[in-house]
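This briefing sets out selected structural features of the model shown below. Points are grouped by topic.

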Amino acid sequence: MKAIVIDGCCSAESLHVSEIPRPEARSGWVLIKVFAAGLNHSEALLRTMEADADYIATPIVPGIECVGEVADAGGGKLSIGDKVIALMGGMGRSFNGSYAEYALVPAQNVFKVETTLDWVSLAALPETYFTAYGSLTEGLQLTAGDRLLVRGATSTVGQAAIQLGKALGAKVIATCRKESSFGKLRDIGADECVVDDGRISRQPLRIRPNKLLELIGPRTLRDSLLTVARPGYVCNTGVLGNVFAVAQFDPIKYIPNGVFLTGFFSNFPTQAAIDAIMRLANQNAIHPLYAKVFSLNEIVEAHTLLEQSGAGGKIILKIR
Ligand SMILES: NC(=O)c1ccc[n+]([C@@H]2O[C@H](COP(=O)([O-])OP(=O)(O)OC[C@H]3O[C@@H](n4cnc5c(N)ncnc54)[C@H](OP(=O)(O)O)[C@@H]3O)[C@@H](O)[C@H]2O)c1
């Protein structure tokens, strides 16, 4: 089968299509005929920084998510031909991932979906919408009437969070780096748009948020904690600011009284969450957003754009 394989850290330009054996079906694992796969920062990090580390099973096919049809159910509940999405669980890091015509994935990370979405649109959904949905529901306990601020709203997860936040009945404030993004964010559903100067807590917001999805990360987290009304919730899901930890974290002084700080890690998807996302999307006519589509042969262009965060949304690899 055709696949992208990396042996260690490498440049985007060195990526190319290889012929490797199709994975052998095995009990407890689902062999997926891959139609499309979403690209994620995690794969740019893998290629540029992590692929030489012991915990990455090189040579490896990258890719932490895909959509496709079951080619072999590995003795589990699924049937050949079922439409599925798969994500996480070590895909593309501990075992071969989704930049390939077939992917073999542990059954617990493969989810049946019933949808009329085309493959490319469906491929925009798994990791991005699961992350946004989990952050809003499990992280922020979002309910109708809440006032949600999405910090880093032009990111792919941010855009999905706006759509899902609106569908869950919240008012949505979107923050971004440039005023020129306001039109796009409003089109997605944002009620208010604000340029993020790093001090949102000092800005006179028309709508005062009580829930805040932090996608910039520790760089702006303290300001986010000061931005929410009390009681208020902040969920740190992203690290777009490239600061990965809070130095000398003193919870007593760092977290204001009456503010609840949590995080979300997309490593534990469930069929219940995927079903809920599909239902919410169907009921609210949410079409998964994507920005660019590339073929496997265009992997250099796709990964160059991914590394530069230049797509303005999700990048999809169309495999078939
Ligand atoms: N916790 C988890 O399990 C999980 C899962 C998935 C993703 N994530 C994280 O969530 C974040 C978003 O991921 P993504 O794939 O959605 O990212 P993405 O689509 O690649 O987002 C890139 C865009 O974010 C905006 N951005 C970048 N740096 C920014 C900054 N300092 N301040 C404000 N905006 C900034 C830029 O938009 P403009 O050019 O328009 O400003 C940029 O084009 C990432 O940090 C990712 O690692 C976490």
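**Helix packing**

Helix 3 and helix 8 (residues 271-283) have axes that come within 10 Å and cross at roughly 95°. Helix 3 is therefore roughly perpendicular to helix 8. The model described here is a predicted one.

- On the side of helix 3, the contact with helix 8 is made by Tyr129, Phe130, Tyr133 and Gly134.
- On the side of helix 8, Ala273, Ile274 and Ile277 take part in this contact.
- The residues of the contact of helix 3 with helix 8 comprise six nonpolar, one polar and no charged.
- A further pair is formed by helix 1 (residues 41-50) and helix 9 (residues 299-307), whose axes come within 9 Å and cross at roughly 100°.
- Helix 1 and helix 9 are therefore also roughly perpendicular to each other.
- Helix 1 contributes Glu43, Ala44, Arg47 and Thr48 to the contact, and helix 9 contributes His303, Leu306 and Glu307.
- The contact of helix 1 with helix 9 has two nonpolar, two polar and three charged residues.

**Domain arrangement**

- The protein is divided into domain 1, which spans 2-124 + 290-318, and domain 2, which spans 127-263.
- A distance of 29 Å separates the C-alpha centres of domain 1 and domain 2.
- Eight residues from domain 1 and five residues from domain 2 make up the contact between them.
- The side of domain 1 that touches domain 2 consists of three nonpolar, three polar and two charged residues.

**Surroundings of the ligand**

- There are 25 residues around the ligand, of which Thr154, Ser155, Thr156, Gly238 and Ser266 come nearest.
- The shell around the ligand is made up of eight nonpolar, 13 polar and four charged residues.
- Domain 1 and domain 2 each supply at least three residues of this shell.
- At least two residues of the shell come from helix 3 (126-139), and at least two from helix 4 (156-167).

- Six strands form an open sheet with parallel pairing, in the order 10-9-8-11-12-13.
- The edges of this sheet are strand 10 (192-195) and strand 13 (259-263); each has a single partner strand, so one side of each is left without a neighbour in the sheet.
- Neighbouring strands of the sheet are turned against each other by 20° on average, with direction ignored.
- Within the sheet order, strand 8 stands beside strand 11; strand 8 (residues 147-151) and strand 11 (residues 211-214) run parallel and are joined by four bridges.
- In this pairing, Leu149 stands opposite Leu212 of strand 11.
- Helix 4 lies across strand 8, strand 9 (171-176) and strand 11, and runs at about 170° to strand 8.
- Helix 4 also supplies at least two residues of the shell around the ligand.

**Antiparallel strand pairs**

- Strand 3 (residues 29-38) pairs with strand 4 (residues 65-72) in the antiparallel sense, over five bridges.
- Opposite Leu31 stands Asp72 of strand 4.
- Strand 4 is also joined to strand 5 (residues 83-87) by five bridges, and these two strands run antiparallel.
- Glu65 has Leu87 of strand 5 as its bridge partner.

**Backbone features in loops**

- Thr58 and Pro59 are joined by a cis peptide bond with omega of about -5°.
- Pro59 is placed in the loop between helix 1 and strand 4.
- A cis peptide bond also runs from Arg230 to Pro231, with omega near 0°.
- Pro231 is located in the loop between helix 6 (221-227) and strand 12 (232-236).
- Met88, a residue other than glycine, has a positive phi value near 60°.
- The loop that holds Met88 lies between strand 5 and strand 6 (102-106).

Notes:
Residues numbered from 1 in each chain as written. Predicted model: local features only at pLDDT ≥ 70, side-chain atom pairs only at ≥ 80, totals over all residues. Near = placed C-beta within 6 Å. Nonpolar A, V, L, I, M, F, W, Y, C, P; charged D, E, K, R; others polar. Domains from an automatic or database assignment. Axes fitted to C-alpha atoms, helices over the stretch in contact; angles between N-to-C directions. Parallel < 35°, antiparallel > 145°, perpendicular 65-115°, else oblique. Contact = placed C-beta atoms within 7 Å. Pairing = 2+ DSSP bridges.
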